[in-house]
Amino acid sequence: MDKAASAKGRGKRIFVDKQSPQAYGALLQTAEAVRETAAEAGLDRTLVELVNLRVSQINRCAFCLNLHTKAALRAGETTQRLGVLAAWRDTEVFTGRERAALGLAEATTTPADAAVQEAAYGEARQVLSDDEISAVIWVAIAMNAFNRVSIMSKHPVRPVPGPRQTPSA
């Protein structure tokens, strides 16, 4: 690319997944291996989607939140649980296993606090198998990578046509 073309494109985001398809393809292969690992460890699809969503909430990735909310609903997740996911510690709607996975996913996503990371890992050890712990960590790692792709590319979330529904009191 010449300097004029480069200068013209400044300020405009590129979709790094489209710009570098070989690297993105490797990430997709990793994601498939992680899905298989999660399934083999016995993690159901709703738990995987809860982890994907919680990681995406922390990273503030609108594109991935939109995508994985739809996936969670398709997998049978409830709107109530999705609505309170950001405050999962303050509710009784998640099982001990789910709480352990969510804590471990948060510790994987924000690893700077070693004490929090150790506490989350310790809680996970009490209710998750070694295979489940490994799978949850890999799900969080893969989701973090996809969040970065979407955030840096500024993948859009397009509105869905239809009437807006206002909640009743």
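Modeller: R81 counts as buried, because its relative accessibility is 12%; buried means under 20% relative accessible area, exposed over 50% and partly exposed in between, with a 1.4 Å probe and protein chains only. This is a predicted model, in which local features need pLDDT of at least 70 and side-chain atom pairs count only at pLDDT 80 or more, while totals for chains, interfaces and linings use all residues. Residues are numbered from 1 along each chain as its sequence is written, and side-chain values use heavy atoms, with hydrogens and water left out.

R81 lies in helix α6 (residues 79-84); helices are DSSP runs of H or I with at least four residues, numbered from the N terminus. Leaving aside residues up to four places away in sequence, R81 touches L50, V93, F94 and E98, contact meaning heavy atoms within 4.5 Å.

Next, the helix pairs. Two packed helices are described by the angle between their axes and the distance between the axes. Axes are lines fitted to C-alpha atoms over the stretch in contact, and angles run from 0 to 180 degrees between N-to-C directions.

Helix α7 (residues 96-109) and α9 have axes that come within 9 Å and cross at roughly 45 degrees. α7 is therefore oblique to α9; angles under 35 degrees count as roughly parallel, over 145 as roughly antiparallel, 65 to 115 as roughly perpendicular and the rest as oblique. From α7, R97, A101, L104, A105, T108 and T109 meet residues of α9 including E132, I133 and V136. The residues of this contact divide into eight nonpolar, three polar and two charged.

Helix α3 (residues 21-41) also packs on α9 (residues 130-153): the axes come within 9 Å and cross at roughly 155 degrees. That angle is why α3 is roughly antiparallel to α9. Among the residues in contact are Y24, L27 and L28 in α3, and W138, V139 and F146 in α9. Here the division is 14 nonpolar, one polar and two charged.

The whole structure holds one aromatic pair. The ring centres of Y24 and F146 are 6.0 Å apart and the planes stand at 90 degrees, so the pair is edge-to-face; rings of Phe, Tyr and Trp (its six-membered ring) pair if their centres lie within 6.5 Å, with planes under 30 degrees apart counted as stacked, over 60 as edge-to-face and the rest as tilted. Y24 lies in α3 and F146 in α9, so the pair ties together parts that are 122 residues apart in sequence. Y24 is partly exposed at 23% relative accessibility, whereas F146 is buried at 15%.

Notes
Helices (H or I, at least four residues) and strands (E, at least two) are DSSP runs, numbered from the N terminus. Ala, Val, Leu, Ile, Met, Phe, Trp, Tyr, Cys and Pro count as nonpolar, Asp, Glu, Lys and Arg as charged, and the others, Gly among them, as polar.
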